[in-house]
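Hi,

Here is the structure I said I'd pass on to you.

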Amino acid sequence: MKIDLHVHLDGSLRPKTVWELAAEQGVRLPVSSEEELARCMRVSESCNNLTEYLQCFDIPLLVLQKPEAMERVVYELCEDLAEQGLAYAEIRFAPQLSLRGGMSMDEVVEAAIRGMNRGLAAYPSLCAGLLLCFMRGKDTDPFNEATLKSAVKYFGRGVLGVDLAGAEALFPTERYRDLFYKVREAGIKFTIHAGEAAGPESVKYALEFGAVRLGHGVRAVEDEALIERLVHEKITLEVCPTSNLHTKLAKDPYSHPIRTLFDRGVRVTVNTDNMTVSHTTLEKEYHFLKQYYNFTDSEIAKMQEYAREAAFFED
Ligand SMILES: [Zn+2]
């Protein structure tokens, strides 16, 4: 059963759609053709780190400021996932990045839910839900609070939980202790990007906050005791191998820690992160694991089982 627990909406848009939306909305893009746009929406080979990787999201966000656009792109992502044969996906995005056109946080979320509901009606083989991302940043605290309010309001009605995304090396996980205290108080499920651009200490804070799932989490491999803790506490890692290569978390295809973590008994799952930015699909990620790490079909099935067990969907 193909499951993606970690796919970002704004990193998985169709370039053609972004081109069309820009024309419709009269948004001037810093590119002169659809082909050039497609190139700009993909990470370049010279990308050095997560901060540079995140620049690939600037253009897509220009056209995600209107409700019709949000609805359309969520619908299309459901369509793409269903056509790739996925049974289940958790689609994440940060509603606070779509407020520039005058939408309220709730309006952004409602538009996304409408798009998803249309997608699920058109493709009944797919089950999906939304994760609302908080953003790491200098001035994001009030927006994160508002995101939590929206998550509470729409929890169980399309929204499955929350996440913390953004520049982990610049804004450490530790800063978000109070926020996740409130998330726990509200009874909302959550995952946290941790152990990607920062090391084991970031993972430890996420665990202290009560996370049972971690976005990436792979740098836990640097700390022997932490690996044992992940196994013991049955923490699920949402690993995205191709994206990790792009952000230089892994220097080359042979130096990704996924094999080590899996063999040690960590509940490792495989995900895409950003299908457009990292030009990948779940199928390509499986292929990568087979090619470079000799994962067998039954080992991949084991990871899919871990993913199913860690899904935020109740049913
Ligand atoms: Zn991510």
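Before anything else, a term you'll need: a pocket is an open set of grid points with protein on both sides within 12 Å along at least five of seven lines, and its lining residues have an atom within 4 Å of a point. Keep in mind that this is a predicted model.

With that in hand, take the second largest pocket. It has a volume of about 210 Å³ and is lined by 14 residues, with P15, M275, T276, H279 and T280 nearest its centre. Sorted by class, that lining has four nonpolar, six polar and four charged residues.

The largest pocket comes in at about 510 Å³. Its lining counts 29 residues, and the closest to the centre are L54, L97, M135, A165 and G166.

Next, the metal. Which residues hold the zinc ion? They are H6, H8 and H193, each through NE2, plus D273 through OD, at 2.1 to 2.3 Å. The angles among the four donor atoms run from 83 to 169°, and the site is irregular. Along the chain, the donors follow the spacing H-x1-H-x184-H-x79-D. H8 sits in strand β1 (residues 3-8) and D273 in the loop between β8 (267-270) and α13 (282-293), so this pair ties together parts that are 265 residues apart in sequence. Are these two buried or exposed? H8 has a relative accessible area of 9%, so it is buried. D273 is buried as well, at 3% relative accessibility.

The largest cavity holds about 50 Å³ of space, and I3, T269, V270, Y286, I300, M303, Q304 and A307 line it. Both β8 and α14 (297-310) give two or more residues to that lining, with α14 giving the most, at four. By class, the lining has six nonpolar and two polar residues, and no charged ones.

The second largest cavity holds about 40 Å³. Its lining is made up of L9, D10, L61, L64, M70, F93, A94 and S98, which by class gives six nonpolar, one polar and one charged.

Cheers

Methods
Residues are numbered from 1 along each chain as its sequence is written. This is a predicted model: local features need pLDDT of at least 70, side-chain atom pairs count only at pLDDT 80 or more; totals for chains, interfaces and linings use all residues. Side-chain values use heavy atoms; hydrogens and water are left out. On a 1 Å grid over the protein atoms alone, a cavity is a set of points where a 1.4 Å probe fits but cannot get out, and a pocket is an open set with protein on both sides within 12 Å along at least five of seven lines; lining residues have an atom within 4 Å of a point. Grid points are joined across faces, edges and corners, and a volume is the space filled by probe spheres set on the points. Ala, Val, Leu, Ile, Met, Phe, Trp, Tyr, Cys and Pro count as nonpolar, Asp, Glu, Lys and Arg as charged, and the others, Gly among them, as polar. Donors are N, O and S atoms within 2.8 Å of the metal (3.2 Å for Na, K and Ca); water is not among the atoms, so sites may look incomplete. Four donors count as tetrahedral if all angles lie between 85 and 135 degrees; four count as square planar and six as octahedral if opposite donors are over 155 degrees apart and all others between 65 and 115; anything else is irregular. Buried means under 20% relative accessible area, exposed over 50%, partly exposed in between (1.4 Å probe, protein chains only).
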